[in-house]
Amino acid sequence: MTDGNGVLWLPLAASFVCLVAKVALYAAGVQPFNWRGLPSGHAAVMTALLTHLALGFPETKQALGVAIAFSALYGSDILLFYYKGPRGRDGLPLGHSAVELTAGVAVGAGVALAYHRLYRLDDETSADKST
């Protein structure tokens, strides 16, 4: 787990978890399958990246601040598209609802927190073996 490429694959992992959740919710009859549905993959990707940066690189406060600002702007655009924006050919809004965004944030944070927990356990195990 200590490969140092978390910044690359954690957002992809969060996106994959969202896709699995969308398929599972569709299979359970909770929602029709929709790439834009619950949970928001975009929110999961951004949250996984931001959580990883905050936990893994706390010394990069300025870069983290810029990332948070862009994420907030992006999140507000997604909400505006859902509530005030155009609709797709299928009649569904192009953005995400607040619930879909919140679920995406939870997925992204969960993926990043799980990674960092495993990363710490791997480091502790490696340190124990070397002593």
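The model is a predicted one, in which local features need pLDDT of at least 70 and side-chain atom pairs count only at pLDDT 80 or more, while totals for chains, interfaces and linings use all residues. Residues are numbered from 1 along each chain as its sequence is written, and side-chain values use heavy atoms, with hydrogens and water left out. The secondary structure comes to 4 helices and 0 strands, where helices (H or I, at least four residues) and strands (E, at least two) are DSSP runs numbered from the N terminus.

**Overall make-up**

- Read along the sequence, the protein follows the pattern α-α-α-α.
- Of the 131 residues in the protein, 31% are buried, a term for under 20% relative accessible area, with exposed meaning over 50% and partly exposed in between (1.4 Å probe, protein chains only).
- Among contacts (heavy atoms within 4.5 Å) with a separation of 6 or more, 61% are between residues 24 or more positions apart.

**Helix α1**

- Helix α1 covers residues 6–27, and its 22 residues should span 32 Å at 1.5 Å a residue, which agrees with the 31 Å between its end C-alpha atoms; the expected span is 1.5 Å times one less than the number of residues.
- The buried residues of α1 are G6, L10, P11, A14, C18 and K22.
- Seen down the axis of α1, these buried residues fall within an arc of 145°, so they line one face of the helix; the arc is taken from the directions from the helix axis to the C-beta atoms.
- On the other side of α1, the residues L8, L12, F16 and A27 are exposed.
- After α1 comes G29, whose phi is positive, near 80°.

**The largest pocket**

- The largest pocket is lined by A43, M46, T47, L50, S71, A72, Y74, G75, I78, L101 and V105; on a 1 Å grid over the protein atoms alone, a pocket is an open set of points where a 1.4 Å probe fits, with protein on both sides within 12 Å along at least five of seven lines, and lining residues have an atom within 4 Å of a point.
- The elements giving two or more residues to this lining are α2 (41–56), α3 (61–84) and α4 (98–130), and α3 gives the most, with 5 residues.
- The volume of the largest pocket is about 190 Å³.

**Residue D77**

- D77 lies in helix α3 and counts as partly exposed because its relative accessibility is 44%.
- The C-alpha atoms of D77 and H96, which are 19 residues apart along the chain, are separated by 9.5 Å.

Note on methods. Points joined across faces, edges and corners; volume = space filled by probe spheres on them.
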